[in-house]
Amino acid sequence: MSSRLSQEITARWNKGFTKVEVSGLGASARAFLIADLIANTKQRIAVIAPDLSSAERIHQDIKGFLKILGHESLAGDVDFFSGWEQSPYRAFHPSIKNRIRRLRALRRIQLGLSRAIVMDVEALAQRCQPVQEISEQALVLKPGETWSRQDLCSKLEAAGYSRNDPVEDPGTYTVRGSLFDIFSSSNRRPFRIDFFDETIESIKTFDPNSQRTEAQSLSSAEIFPIADFSFDEKSGARAKSAIKHFCDEFGIPKQQRDEIFEKIDAKIKDPLFEYLAPYFREKDGVSVLEYLKTNPTWQIAVSDFLGVESSAD
């Protein structure tokens with residue numbers, strides 16, 4: 001049973017209203033209203049908060065209220081889209097945890113799995129991987145399919161995965177005999193893919209701590225990309241050309257440029273490259289709003305309009 005306020009908002013959406021203003025609600029009341037709308041309508045809601053702490057708080061509140069309302073399964077479909085938290089002018093790189101979380105949220109929007117997404121102004125302002133590129137980087141593996149081991153390794157490396165044995169953390173993979181272990185951000189546990197020659201025989205999950213395979217077989221394994229750009233020979237050549245042009249134009253010493261080129265040629269993916277992502281991409285990055293446009297059921301909810309406006313300025 002939805003609240004009277006959410007019923008009124010839904011009625012206005014159904015009448016074609018493109019903007020509905022609600023005032024006088026505190027932070028918790030706003031979170032409850034959004035949870036109520038998620039639980040009782042088919043709309044998907046993108047929540048924009050003024051800053052990271054506000055976004056994290058309302059994200060947890062929405063999930064908490066959904067559980068209280070008896071919709072625990074929906075709580076798992078409320079994603080968080082964070083910014084990098086670091087400036088490119090500081091000595092710190094974006095954490096891999098944040099990068100994985102961002103790309104996981106984008107892919108879930110694409111697949112129609114997300115019912116709500118919460119972000120702050122900084123995350124909204126940062127450019128993302130073009131919609132088509134993230135689709136091309138994603139993999140769906142199924143039993144019975146034929147894969148060259150080298151091709152699969154190349155695909156995983158291009159999507160940002162690094163080879164590490166044993167596989168314990170998201171974004172890593174390894175090959176041991178007929179087994180391919182991959183820890184994708186799409187799943188809470190890593191996948192163990194058993195090959196017979198070049199044919200996928202079975203897909204299961206395993207415990208990353210004990211490394212023990214679980215009994216249940218899966219019909220597929222969705223491998224989400226974990227890098228904002230494809231890291232392969234083609235993108236590397238494109239990046240080197242663009243970086244050279246930039247360095248020549250602004251008088252940046254050849255030595256600094258060559259240090260980057262050596263890492264690209266050696267296929268060493270320095271975390272610094274995340275800040276150079278536009279040079280690796282064939283197309284310009286896009287706003288997260290471009291992903292929302294792929295599904296007409298998305299509505300945008302601005303939590304604390306004055307705060308968001310101030311942060312945007």
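How many of the six residues of strand β1 (residues 44-49) are buried?

Guide: This is a predicted model, in which local features need pLDDT of at least 70 and side-chain atom pairs count only at pLDDT 80 or more, while totals for chains, interfaces and linings use all residues. Residues are numbered from 1 along each chain as its sequence is written, and side-chain values use heavy atoms, with hydrogens and water left out.

Six of the six residues of β1 are buried, so the strand is largely enclosed by the rest of the structure; buried here means under 20% relative accessible area, exposed means over 50%, and partly exposed lies in between, with a 1.4 Å probe and protein chains only. Strands are DSSP runs of E with at least two residues, helices are runs of H or I with at least four, and both are numbered from the N terminus. In a regular strand the side chains alternate between the two faces of the sheet. In β1, R44, A46 and I48 point one way, whereas I45, V47 and A49 point the other way, and all of them are buried.

On pairing, which requires that DSSP find at least two bridges between two strands, β1 has these partners. Strand β11 (residues 298-302) runs parallel to β1 and is joined to it by five bridges, with R44 opposite W298. Strand β3 (residues 116-120) also pairs with β1 in the parallel sense over five bridges, and there A49 stands opposite D120.

In soluble globular proteins, nonpolar side chains tend to be buried together. A nonpolar core is taken as a set of buried Ala, Val, Leu, Ile, Met, Phe, Trp, Tyr and Cys residues joined through side-chain atoms within 4.5 Å. The largest such core has 22 residues, and I38, I62, L66 and V118 have the most contacts inside it. At least two residues of this core come from each of α1 (4-14), α2 (27-40), β1, α3 (52-68), α4 (72-75), β2 (78-81) and β3, and the largest share, seven residues, comes from α2. With contact meaning heavy atoms within 4.5 Å, and leaving aside neighbours within four places in sequence, I38 touches I45, I62, L66, L74, V78, R115 and A116. Another core, of 21 residues, lies apart from this one and includes L139, F180, F191 and I223.

Charged pairs come next. Side chains of opposite charge can pair when their charged atoms come close. If a salt bridge is a side-chain nitrogen of Lys or Arg within 4 Å of a carboxyl oxygen of Asp or Glu, the count comes to 21. One of these salt bridges joins D79 and R108, whose closest N and O atoms are 2.9 Å apart; D79 belongs to strand β2 and R108 to helix α5 (residues 96-111), so that the pair links distant parts of the chain, 29 residues apart. Both D79 and R108 are buried. R99 forms a salt bridge with E274 at 3.2 Å between the closest N and O atoms, and because R99 lies in helix α5 and E274 in the loop between α10 (254-265) and α11 (277-280), this pair ties together parts that are 175 residues apart in sequence. R99 and E274 are likewise buried.

Neighbours within four places in sequence aside, the contacts of I182 include L141, Y173, F191 and I223.
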